[in-house]
Amino acid sequence: MSGDNVSRGELTVLAVCTANMCRSVHTELRIRSLAADLPLSVSSAGVNTEPGEAACPQATDSPQTHRSRQIDDDLLESADLVLVMESAHKSRIVREHVRARRKVFKVAEAQRLFTAVVAELAVVRGGGESEWLQVPAEFDSLSHHARLLWLVDEAHNAREYLVESDPDMTDTHGVPGVTHRGIYALLDQNLEKILGSLRTLSPTVESKG
């Protein structure tokens with residue numbers, strides 16, 4: 001994580017698609033609009049990008065304000081969570097940037113595993129036992145930022161125990177039967193649940209409860 005984000009206590013999220021013109025742009029903007037209350041810093045990139053291109057008009061009302069960029073070592077190194085659209089994106093990133101493996105998730109995968117970790121945490125904190133979740137003894141004193149870093153790490157560990165095939169957020173160009181509206185709606189559903197899991201870990205939410 002970069003020094004600036006450490007000092008601000010933000011979880012750095014990187015949304016990734018192929019060209020960084022449609023799906024990742026929509027994801028970046030959607031997270032920004034839904035997560036003003038969360039300690040997040042979000043941006044986007046592509047795995048096969050022509051740098052400097054405007055966004056797809058369906059992804060944003062201001063496509064010309066966006067400029068596509070290619071994913072690189074610096075972006076991946078500074079990210080705490082990388083949300084990709086397809087298995088192919090995940091495979092390519094993990095193959096070319098091995099150190100990023102623990103923080104790269106398909107969007108649907110992150111939604112499923114974050115939800116599972118939060119549910120298992122409630123069991124453990126309620127006095128139950130878990131066969132796979134590791135909750136630090138100092139969890140109650142952790143900041144929201146520290147809890148989010150823990151969530152990403154435990155979601156990665158949970159992949160070994162909670163194996164499932166998660167759907168891709170399919171490319172919205174040139175694929176029969178796939179529409180921007182349909183894929184963006186599916187993205188939104190998953191992103192709202194992901195952000196819901198992040199909110200659940202807020203010490204402020206707990207104190208109000």
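How do the residues of the lining of the largest pocket divide into nonpolar, polar and charged? They divide into three nonpolar, one polar and four charged. Please bear in mind throughout that this is a predicted model. The lining consists of D73, L76, E77, H97, V98, R99, A100 and K103, and the space in this pocket comes to about 170 Å³.

A probe the size of a water molecule, rolled over the atoms, shows where empty space is left. One cavity of 30 Å³ or more is counted here, and the largest cavity holds about 30 Å³ of space. Its lining is formed by V13, I31, L40, L81, L83, I194, L195 and L198. By class, these are eight nonpolar residues, with no polar and no charged ones. Helix 7 gives the largest share of this lining, three residues, and strand 3 also supplies at least two.

My last topic is helix 5. Its 19 residues, 107-125, should span 27 Å at 1.5 Å a residue, and because its end C-alpha atoms are 27 Å apart, the model agrees with that expectation. Among the buried residues of helix 5 are V107, L113, F114, V117 and L121, together with E109, R112 and E120. The buried residues pack against strand 3, helix 4, strand 4, helix 6 and helix 7. Just after helix 5, G127 takes a positive phi of about 105 degrees.

Thank you for your attention.

How values were computed: Residues are numbered from 1 along each chain as its sequence is written. This is a predicted model: local features need pLDDT of at least 70, side-chain atom pairs count only at pLDDT 80 or more; totals for chains, interfaces and linings use all residues. Side-chain values use heavy atoms; hydrogens and water are left out. On a 1 Å grid over the protein atoms alone, a cavity is a set of points where a 1.4 Å probe fits but cannot get out, and a pocket is an open set with protein on both sides within 12 Å along at least five of seven lines; lining residues have an atom within 4 Å of a point. Grid points are joined across faces, edges and corners, and a volume is the space filled by probe spheres set on the points. Helices (H or I, at least four residues) and strands (E, at least two) are DSSP runs, numbered from the N terminus. Ala, Val, Leu, Ile, Met, Phe, Trp, Tyr, Cys and Pro count as nonpolar, Asp, Glu, Lys and Arg as charged, and the others, Gly among them, as polar. The expected span of a helix is 1.5 Å times one less than its number of residues. Buried means under 20% relative accessible area, exposed over 50%, partly exposed in between (1.4 Å probe, protein chains only). Contact means heavy atoms within 4.5 Å.
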